[in-house]
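Let us read a protein model together, one feature at a time. Have the sequence and the 3D view ready.

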Amino acid sequence: MNSNETPFATASIGLDIGGTKTLGVVLAHNGEILAQEKRPTPPSSEDIVECAVTIFESLGDQVDSSFTVEALGIGVAGLVDKSGRLHRAPNLADADGLELQSSVEPLIDVPVYVDNDANCAAHAELIRGAARNVKQALLVTLGTGIGGAVILDGTVVRGAEGMAGEPGHMLVDPNGPLCACGMRGCWESYASGTGLVNLAIQAVSAGGLSTIVEGLQGDVEKITGEHITSAARQGDEEAKRVIDVYSWWVAVGLANCAALVDPEIIIVGGGLIEEWELFGPKVRTAFDQLLIGAHQRATVRIEPAAAGESAGAVGAALLAVGKLSGN
């Protein structure tokens, strides 16, 4: 190489395809996020593939010419097998059966690797986040739905076909609200972003959240989680009560998982951790009340993901680099 030439540095791109939004990042070899982009997740398989390719190309264009992108990792919410096929995605119902890896790879010029989004987030936390130097951990992502990953002996457990770690679809109330998966009373129906809205609608039916309802001119269907968290932060007592109930349901699922796995730490990721200061302490209190032997065992740490809501995309980028190098 000529001494005047600038050496190329390598980077990878990671995408986190969720039920509502798709987040992409460009990750440098040293872990620095060079660029990121967020777009709404489209409903159909074809549009999801197009969205993934579009974000990949857009992010590539944003990177300085001294970097070369060597791989794409994709984390997607749902049951993903070891070949990169999305078998079932309750919050992406039109994408069931999507051969994501083999659909995207021919359209771009780098290798593609696909995994479940929570597995990707767990991979990020193991390498650069809250799970470093930890052998037994649980990661739960709270977003449109709930994702999860189990870390045992420092390794993400993927199960027989790659589909392990779906705590959002534990049944916590067989007579509860209908879940996107078609069952009733899944933990996701209470403790995800969708669950928070479900709890708000229940509160409205009982005569609560009057200020929010008035602000929406009575159109209850327009209530979002942001309406609840914003009102709670402003001191609305009715909204704060919904947050109390929501926090209890989050703790129910975490306590169930902890009873099964006995983790050193529970890492909470997903879009809702932006509100962790609002409901995290309430989750901690309820968790200690619900976990069997909570006061007779070592305290289980509960912490937000170090990479924030970018954990899934960062983990997907790291996973792609690892696969490229044969790890």
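**Reading the model**

Q: Is leucine 272 buried or exposed?
A: Buried means under 20% relative accessible area, exposed means over 50%, and partly exposed lies in between (1.4 Å probe, protein chains only). Leucine 272 has 13% relative accessibility, so it counts as buried. Before going on, know that this is a predicted model: local features need pLDDT of at least 70, side-chain atom pairs count only at pLDDT 80 or more, and totals for chains, interfaces and linings use all residues. Residues are numbered from 1 along each chain as its sequence is written, and side-chain values use heavy atoms, with hydrogens and water left out.

Q: Where does leucine 272 lie, and what does leucine 272 touch?
A: Helices (H or I, at least four residues) and strands (E, at least two) are DSSP runs, numbered from the N terminus. Leucine 272 sits in the loop between β12 (265-269) and α9 (276-290). Contact means heavy atoms within 4.5 Å. Leaving out residues up to four places away in sequence, leucine 272 touches Leu142, Gly143, Ala191, Ser192, Gly193, Tyr246 and Phe279. Its C-alpha atom is 9.0 Å from that of glycine 225, which is 47 residues apart along the chain.

Q: How many helices and strands does the protein chain have?
A: The protein chain has ten helices and 13 strands.

Q: At what angle do the axes of α5 and α7 cross?
A: Axes are lines fitted to C-alpha atoms, for helices over the stretch in contact, and angles run from 0 to 180 degrees between N-to-C directions. Helix α5 (residues 193-205) and helix α7 (residues 225-233) have axes that come within 8 Å and cross at roughly 70 degrees. That makes α5 roughly perpendicular to α7. The cut-offs: under 35 degrees is roughly parallel, over 145 roughly antiparallel, 65 to 115 roughly perpendicular, and the rest oblique.

Q: Which residues make the contact of α5 and α7?
A: From α5 come Leu196, Val197 and Ala200, and from α7 come Gly225, Ile228 and Thr229. Ala, Val, Leu, Ile, Met, Phe, Trp, Tyr, Cys and Pro count as nonpolar, Asp, Glu, Lys and Arg as charged, and the others, Gly among them, as polar. The contact residues divide into four nonpolar, two polar and no charged.

Q: Where is threonine 224, and how exposed is threonine 224?
A: Threonine 224 lies in the loop between α6 and α7. Its relative accessible area is 30%, so threonine 224 is partly exposed.

Q: What is phi in glutamine 217 and aspartate 153?
A: Phi of glutamine 217 is near 55 degrees, a positive value in a residue other than glycine. Glutamine 217 is in the loop between α6 (210-215) and α7, and is exposed, with a relative accessible area of 70%. Aspartate 153 is not a glycine, yet has a positive phi of about 50 degrees. Its place is in the loop between β10 (146-152) and β11 (155-156). Aspartate 153 counts as exposed, at 58% relative accessibility.

Q: Is aspartate 236 buried or exposed?
A: Aspartate 236 is buried, with a relative accessible area of 16%. Aspartate 236 is found in the loop between α7 and α8 (237-261).

Q: How much of the protein chain is buried?
A: Of its 327 residues, 52% count as buried.
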